[in-house]
Amino acid sequence: MDQIPQAKAASTVNWRSWLPLRALSGWQARDLNGDLIAGLTLAAIAIPEQMATARLGGFAPEIGFFAFVAGSVAFALFGANRHLSVGADSTITPLFAGGLALLATSGSPHYLALAAMLALMVGLIVSLSGVFRLGWIADLLSVPVTTGFLAGIAVHIIVSQMPGLLGLHSESGETLHRIGEIAGSLHLTNPWSLGLGLGVFAIVLGAERISARIPGALIGMVLATLAVIVFDLRNRGVEVLGALPNGLPRAGLPLVSLNDVQALVPLALLIAIVVMVQTAATSRSFVPQQGEPDVNRDFVGVGAGSIASGLFGAFAVNASPPRTAIVSQSGGRSQLSGLIAAAIVLALGAFGGGLLANVPQAALAGVLMFVAQHILRWKVFAGVYRQAPVEFLLILVTMAAIVVLPIATGVAVGIGLSLLHGIWSATRTEPIELEHVPGTSVWWPPAKPSAGEQLPGVLVAAFQAPLSFVNADRFKRGVCDLVDTRRETVKLVVLEASNIVEIDYTAAQALIDTILHCRKAGAVFAIARLESLRAQAALARFGIAEMVGTQRIFHSVDAAIKSLGPGKQQQQEQDGVP
């Protein structure tokens with residue numbers, strides 16, 4: 001008899017995979033040259049980017065340096081991917097900046113303490129998600145929802161940086177209010193600031209078009225700084241950073257109250273999900289000849305980066321796809337490239353604050369304007385619009401929610417929409433009757449014009465989705481209706497279950513009711529091609545395997561029909577098979 005054996009669960013834990021410095025394992029002296037070049041390139045890209053991102057969040061520029069160093073060192077110790085770069089990230093910075101602004105004044109000591117505590121909480125959630133292998137959480141956001149989320153974040157970045165680009169006073173409040181205030185102040189634009197910002201934007205954009213390894217942001221920032229000095233633009237209304245304090249951060253726990261921690265929990269969960277989504281996408285995109293990506297281990301590394309960042313008074317960090325691509329394209333061989341970049345950035349933060357005194361704010365705004373347009377996925381917009389108009393609405397709704405609502409609420413709406421879309425897709429699944437392809441053992445969904453055939457007395461039904469509470473009733477009604485339509489002629493019902501990867505309690509009861517309905521109609525019920533081990537275990541757990549009988553669970557539809565088809569059942573009854 002061609003039956004499927006019962007599933008056996010087995011799991012092993014490879015504790016060696018959790019040892020530190022995995023991302024440096026196998027490093028050899030000949031890798032030094034590639035890591036050195038990649039490290040220098042990464043530092044040149046990271047310096048202006050980390051300063052700009054820190055300013056985006058309402059922090060002093062040097063805080064961005066410390067976040068980058070903490071993220072890079074922690075990931076080198078605990079992460080797995082050899083190229084992945086961790087640090088301040090413009091995707092999550094508007095998220096926590098908007099959320100923290102509701103609890104404290106931006107830039108105040110309380111604000112900084114809350115940001116550090118938030119980093120600890122985000123890091124703990126992300127790290128534990130890796131330890132307990134919850135990498136599947138990264139798949140909670142669909143591509144359309146993620147695209148809409150990034151588009152909304154891009155709008156936030158652009159609106160927040162427009163005052164710096166135009167040489168205007170910074171605005172606060174809701175996004176739409178800020179847009180109105182900026183529009184009303186356009187006549188006060190400082191042309192020198194605007195020219196510097198647009199010049200930096202053009203340099204970064206042009207450098208990327210030529211080669212991603214060209215540090216366009218650093219070149220633009222240096223040229224803008226020289227312009228400020230040579231043309232004395234400070235006296236023409238151009239705002240500059242001023243000398244940054246030299247020194248190293250001190251480690252310690254942020255001083256916040258229990259009420260503050262409780263208020264941060266929802267924000268920490270939202271940011272942790274975004275961090276995991278971006279980390280998983282980055283880890284899967286850059287796998288340098290090391291086999292399959294270890295997303296869970298990379299969660300631990302990125303989470304450790306946020307914890308270290310919070311302990312040194314900085315903010316939550318994230319994996320960066322652009323910087324990771326730079327390391328890969330520059331010939332980086334291991335996380336030593338990230339450590340080299342971290343050492344350079346740390347030295348600048350500790351001893352080179354005076355070198356940044358004349359950096360114009362407009363130059364950092366130009367860098368962030370480039371980042372904003374870079375995270376707008378225009379090709380995805382166009383592709384979804386052409387191929388899936390309904391899902392295009394998800395992009396627009398998510399984007400609007402991020403822009404119009406408080407940003408944390410907008411992210412929650414986006415996650416909710418993604419989950420609802422997934423549930424809605426599962427609920428639309430209907431059981432279908434398969435047809436036999438003549439001359440083969442293949443059973444296939446009906447096509448137009450039909451090339452298949454039905455066998456007398458045989459109904460082969462398929463359900464192309466996991467069986468769960470969201471579609472259990474539709475499954476039961478659908479199969480029962482197929483049986484009732486041919487009540488007088490159906491003697492064998494075969495459930496083709498290759499796409500049923502899971503069966504929950506509600507679905508199990510629906511399947512039991514379906515089996516009983518088939519028997520009441522005088523038909524034998526069999527199951528074929530139940531390939532999922534989880535589904536097989538569910539059949540045994542809910543008593544369905546015993547109810548159907550292991551002799552009626554088959555590897556193929558063809559085997560089921562040959563064993564139980566019309567003409568065979570009478571023989572089995574004579575042999576005493578129930």
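Predicted model: local features only at pLDDT ≥ 70, side-chain atom pairs only at ≥ 80, totals over all residues.
1. Helix α4. This helix covers residues 109–131, 23 residues in total. Just after α4, R133 adopts a positive phi of about 55°.

2. Packing of α4 on α10. Helix α10 comprises residues 295–311, and its axis comes within 7 Å of that of α4, with a crossing angle of roughly 160°. Because an angle over 145 degrees counts as roughly antiparallel, α4 and α10 are roughly antiparallel to each other. Their crossing is left-handed.

3. Residues between α4 and α10. On the α4 side, the contact involves A116, A119, L120, V122, G123, L124, V126, S127, S129, G130 and V131. These meet N296, F299, V300, G303, A304, S306, I307, G310 and L311 of α10. Sorted by class, this contact has 12 nonpolar and 8 polar residues, with no charged residues.

4. Packing of α5 on α13. Helix α5 (residues 143–166) and helix α13 (residues 361–374) have axes that come within 9 Å and cross at roughly 160°. The pair is therefore roughly antiparallel. The crossing by which α5 passes α13 is left-handed. From α5, the contributing residues are A154, I157, I158, Q161, M162, G164 and L165; from α13, they are A362, A365, L368, M369 and A372. The class count for this contact is 10 nonpolar, 2 polar and no charged residues.

5. The sheet. Five strands form an open sheet in the order β3-β6-β7-β8-β9, and the pairing is mixed. Strands β3 (432–433) and β9 (553–554) lie at the edges, each pairing on one side only. In general, strands of a sheet pair through backbone hydrogen bonds, in either a parallel or an antiparallel manner. Strand β6 (residues 458–462) runs antiparallel to β3 and is joined to β3 by 2 bridges. Within this pairing, I432 has A462 of β6 as its bridge partner.

6. Helices against the sheet. Helix α17 (residues 472–485) lies across β3, β6 and β7 (492–496), and runs at about 160° to β6. Helix α21 (residues 557–564) also packs on the sheet, where it touches β6, β7, β8 (524–528) and β9. The direction of α21 makes about 165° with that of β7.

Note on methods
Residues numbered from 1 in each chain as written. Heavy atoms only, no water. Axes fitted to C-alpha atoms, helices over the stretch in contact; angles between N-to-C directions. Helix = DSSP H or I, 4+ residues; strand = E, 2+ residues; numbered from the N terminus. Parallel < 35°, antiparallel > 145°, perpendicular 65-115°, else oblique. Left-handed = near helix turned anticlockwise from the far one by under 90°. Contact = heavy atoms within 4.5 Å. Nonpolar A, V, L, I, M, F, W, Y, C, P; charged D, E, K, R; others polar. Expected span 1.5 Å × (residues − 1). Pairing = 2+ DSSP bridges.
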